[in-house]
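Have the coordinates open as you read.

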Amino acid sequence: MTARRWLRIITGLVAANLVGVAFCFAFVLLFQVPDQVGLPPQAQQWFYGFVVMAIWPSLTLVPMAMGIVAAYFWRNLSFSLWKYFLCWVVTSLISPVGAYFAFKEGAVCLLIGFPILFVCGFAGVLLGRLLFKSKTAAMNLSVIPMLLIATLAEGKMRQDQRRVVEDRIRINAPATQVWNYVVSFPAMDAAPNYWLNKIGLPSPLATTCQGAFVGAARECIFSDGLVFKERVSEITPARLLTFDIVEQPSDPELLGHLTLHRGQFQLIDNNDGTTTLIGRSWYTLHMRPLWYFDWWTRDVTSHVHLRVMEHIKALSERK
Amino acid sequence: MMFKFVVKKLRWLARIPVLPQLFDAGLVIATMLFDRPRFRAMEMFENAVCRKDTIQRRPHRFGGVGFFVGRTEIGHLHGNGLLDLFVGKSFRADQVRRGRALPHHVFPESGWISFWLKSPADIADAVELFEIANMYRASGQFTSRVH
């Protein structure tokens with residue numbers, strides 16, 4: 001391969017990532033404009049409404065734009081699809097690796113986000129290779145309004161909503177016995193079996209609580225020393241424990257991505273010596289596309305619930 | 001199977017901008033990684049038909065690569081190797097009866113046919129069908145109301 005070809009490949013690779021970074025910085029800067037200009041509150045509200053509607057950093061569209069830009073620089077290289085694919089693998093790895101080292105982003109979040117970056121970006125590459133190689137040599141401009149409409153539609157749907165995830169488990173012990181391990185429980189010895197925990201996502205270890213009364217401080221301790229500070233907000237012995245999360249750790253996997261509001265354990269006596277334990281968590285997800293990241297959030301939260309609830313089950317059923 | 005389900009049950013999603021292209025990119029990646037002979041056949045077919053000066057490749061609105069002469073579509077190739085061509089109703093009946101092609105995967109009664117590219121051995125048949133579609137268009141009878 002000649003030096004000229006390599007130069008074009010690297011230019012495409014750099015340009016695509018620069019476009020991605022430029023989009024992200026532009027969005028961040030735009031959100032700072034009202035504070036810096038000193039807009040009155042109502043104007044600020046309008047401004048944020050407009051910005052969110054029009055140009056929210058879209059995890060779908062920014063990678064596509066990156067892919068199209070890369071394909072533009074690679075247009076004269078007579079690449080096969082396989083070569084486009086390999087070049088895009090390298091190109092799409094640069095952003096997450098850069099975000100990990102430069103912005104201290106969480107590795108698990110980057111791993112979760114990577115498939116979107118990769119697939120959407122490759123869709124952009126496939127579009128770009130056809131747009132810029134077309135024998136008419138005219139860019140199919142219909143893509144631009146399509147991207148704009150998609151951005152607007154995604155922004156329009158971007159209202160943060162509080163969601164809840166619920167899991168239940170049946171325990172072969174009466175509710176009064178289960179309750180002993182609900183308010184707080186000793187440390188878990190068993191290693192987590194969830195694959196994301198094995199590659200670094202913190203897992204719950206133990207819970208401490210000042211006491212079984214409303215207002216009691218509670219701490220949920222995760223591996224890596226992460227601590228969720230909670231306060232008991234509702235308590236009915238042997239039936240219900242609700243706690244508000246007053247402070248969540250400043251972990252890169254959570255910061256700006258997810259806000260946890262509240263947790264709850266409900267015990268239902270099955271009148272046959274067994275108890276159904278229900279775990280609930282309320283959260284707001286700040287990532288988009290919602291359908292994708294919400295699926296992950298539910299999966300991760302469910303595994304946290306089930307790890308804790310399995311531990312409570314083992315302790316309660318111990319003779 | 002997933003393609004069949006999406007095309008039959010979730011066809012309305014194709015109206016959402018960019019979504020068909022994303023879906024097709026997923027198909028291309030899957031084909032590229034898990035079915036190399038099919039993927040090779042897709043590339044060979046694309047190169048074979050685009051040697052003709054009159055044929056232009058463009059992104060297809062339902063995803064994949066569209067093959068056009070001017071503004072007229074001859075056919076399109078999905079990311080899983082499914083080639084859709086417009087050959088008119090009479091040719092369609094003939095090709096389907098002879099087992100050379102399948103009725104279109106969404107509109108079986110239309111003048112469209114479908115052909116699965118599975119390996120490079122299918123290129124000759126695919127190119128021949130493409131020629132029929134191209135000739136049909138050139139004869140001025142091209143009146144597809146389906147796509």
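## Ground rules

Two strands count as paired if DSSP finds at least two bridges between them. Strands themselves are DSSP runs of E with at least two residues, helices are runs of H or I with at least four residues, and both are numbered from the N terminus.

This is a predicted model, in which local features need pLDDT of at least 70 and side-chain atom pairs count only at pLDDT 80 or more, while totals for chains, interfaces and linings use all residues. Residues are numbered from 1 along each chain as its sequence is written, and chains are lettered from A and ligands numbered from 1 in the order in which they are written.

## The sheet in chain B

Let's start with chain B, where strands β3 (residues 72–77) and β4 (residues 82–86) run antiparallel and share 3 bridges. One residue pair to look up is B:His76, whose bridge partner in β4(B) is B:Asp84.

These strands belong to an open sheet of 6 strands in chain B, ordered β1-β2-β3-β4-β6-β5 with antiparallel pairing. The edges are taken by β1 (56–59) and β5 (102–103) of chain B, each with a single partner strand, so one side of each has no neighbour in the sheet. Helix α3 (residues 36–49) of chain B packs on this sheet, touching β1, β2 (65–69) and β3 of chain B, and its direction makes about 160 degrees with that of β3(B). For angles like this, axes are lines fitted to C-alpha atoms (for helices, over the stretch in contact), and values run from 0 to 180 degrees between N-to-C directions.

## Strands in chain A

Over in chain A, β2 (residues 204–209) and β3 (residues 217–222) run antiparallel and are joined by 5 bridges. Here A:Thr207 sits opposite A:Cys220 of β3(A).

β3(A) also pairs with β4 (residues 227–236) of chain A, again antiparallel and over 5 bridges. A:Ala217 has A:Arg231 as its bridge partner in β4(A). The hairpin of β3(A) and β4(A) has 4 residues between the strands, and A:Asp224 in it takes a positive phi near 65 degrees.

Most residues other than glycine have a negative phi. A:Ser78, not a glycine, has a positive phi of about 50 degrees, and lies in the loop between α3 (61–73) and α4 (81–102) of chain A. A:Ser78 is exposed, with 9 other C-beta atoms within 10 Å. The scale behind that word is 20 or more other C-beta atoms within 10 Å for buried, 12 or fewer for exposed, and partly exposed in between, with C-beta atoms placed from the backbone.

A:Asn271 has a positive phi of about 60 degrees and is not a glycine either. Its loop runs between β6 (258–269) and β7 (275–285) of chain A, and A:Asn271 counts as exposed, with 8 C-beta neighbours inside 10 Å.

## Cores

A nonpolar core here means buried Ala, Val, Leu, Ile, Met, Phe, Trp, Tyr and Cys residues joined through C-beta atoms within 7 Å. The largest one has 60 residues, and A:Ala70, B:Leu85, B:Leu129 and B:Ala133 have the most contacts inside it. Helix α5 (residues 107–133) of chain A gives the most to this core, with 11 residues. A second, separate core has 18 residues, including A:Ile171 and A:Leu267.

Terms used. Contact = placed C-beta atoms within 7 Å.
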